[in-house]
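Subject: Structure for your review: aromatic contacts

Dear colleague,

Please find below the structure that I am handing over to you. My notes on its aromatic rings follow it.

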Amino acid sequence: MSRQRYLFTSESVSEGHPDKVADRISDEILDAFLAADPYSRVAVETMTTTNRVVLAGEVRSASSLGKDDLIERARYAVRDIGYEQDGFHWKNMEVDVHVHEQSADIAQGVDAAGNKDEGAGDQGIMFGYACRETDVLMPAPITLSHRILKALADARHGGLKELGPDAKSQVTLQYENGKPVTADTVVVSTQHADGLSQDDVRAIVTPYIEKCLPEGWMPKADKIYVNPTGKFVIGGPDGDAGLTGRKIIVDTYGGAAPHGGGAFSGKDPTKVDRSAAYAARYLAKNVVAAGFADRCTLQLSYAIGVSKPLSLYVDMHGASDVDQDKLERVLMELMDLSPRGIREHLKLNQPIYARTAAYGHFGRIPDDTGGFSWEKTDLVDALKSAFNA
């Protein structure tokens, strides 16, 4: 029997965290290529440090985007996040570009040819997860961690000058009978203007924490830690280097579910690290939304150059009457899980990725321009019909 009473913790980082700055730049560049050519192949990594951004990777595209265009997108991303500091400024930072043509060896495995469909861009395993802990069918600790930082970022963009772009949050929830019932501990560390005391920052941040937690969940004062080191003026890439793809648990389920190990940002939808992880979340969310289980974990696996997944595995954690073998077959029938099938079903060949770079790729609201299409629950009726539910 699974444990029923326990504490569980997840963390989030803000859009101004050095790694998230790198993710945002990589996804801005991806969006620029997809806007110009929806079938662009892009794998761009970013490194950030004191007043320097380094771009590296490979691209194949019919677009005419060049070095100056990539530099412009990097500056736009940093300016939009809000960095105008001596140690990291969108206008003054140096941008090095080391982006080259996609490897012909990779291209031949991915491209469709003759009777061969598009193949996966790499081998790998991808996981999707959904649960009933929140209205967006996500684990509560990571959802609340994201919401706290998003609320602070919205306030900062709305004119709150005392806080800087770099921030982290961490939420520990108490679970009873396997369900979250209250917040035990909350940690928020946020960059702030010089001259503010720890108490000043605490007074600014605490109302946002309370606003984001469910009513009655606010921890006692001694279990709320705001800037526990005392001072956080030097932040962002000036305080610590950032790299694309270093926050994969923040990007997904906060440690509440397995992760295949692949990062998302900067990768076009032929890369199953990204697209198949989106598909796995989409299927798992629809299974839970259909009422088949309170929790669903789904795994896909691929081989480079092979179009169809090697395996699909569904785990409903023992709390479902649904035949899981049949469910796996039904899901394969409802969605073509080849790279081409995924991108066409979820309409992924669009410039929709910069908005995913912070506050999680999952648990978001699908938007009118195609963003977060993997969060739709439009397979529920078909699933219910297949099981006469």
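A charge is taken to sit over a ring if NZ of Lys or CZ of Arg is within 6 Å of the ring centre and within 35 degrees of the ring normal. Please bear in mind that this is a predicted model.

Lys326 lies over the face of Phe387, 4.6 Å from the centre of the ring. Arg79 is likewise placed over the face of Trp90, in this case at 4.7 Å from the ring centre.

Tyr175 is buried, its relative accessible area being 3%.

Phe264 and Tyr278 form an edge-to-face pair, with 5.6 Å from centre to centre and 70 degrees between the planes. Phe264 is found in the loop between α6 (248-251) and α7 (272-289), while Tyr278 is in helix α7, so the pair links parts 14 residues apart in sequence. Phe264 and Tyr278 are both buried.

These two residues also belong to one aromatic cluster, formed by Tyr129, Tyr253, Phe264, Tyr278, Phe362, Phe372 and Trp374.

Yours sincerely

Technical notes:
Residues numbered from 1 in each chain as written. Predicted model: local features only at pLDDT ≥ 70, side-chain atom pairs only at ≥ 80, totals over all residues. Heavy atoms only, no water. Buried < 20%, exposed > 50% of the residue type's maximum accessible area, 1.4 Å probe, protein only. Phe/Tyr/Trp six-rings, centres within 6.5 Å; stacked < 30°, edge-to-face > 60°. Helix = DSSP H or I, 4+ residues; strand = E, 2+ residues; numbered from the N terminus.
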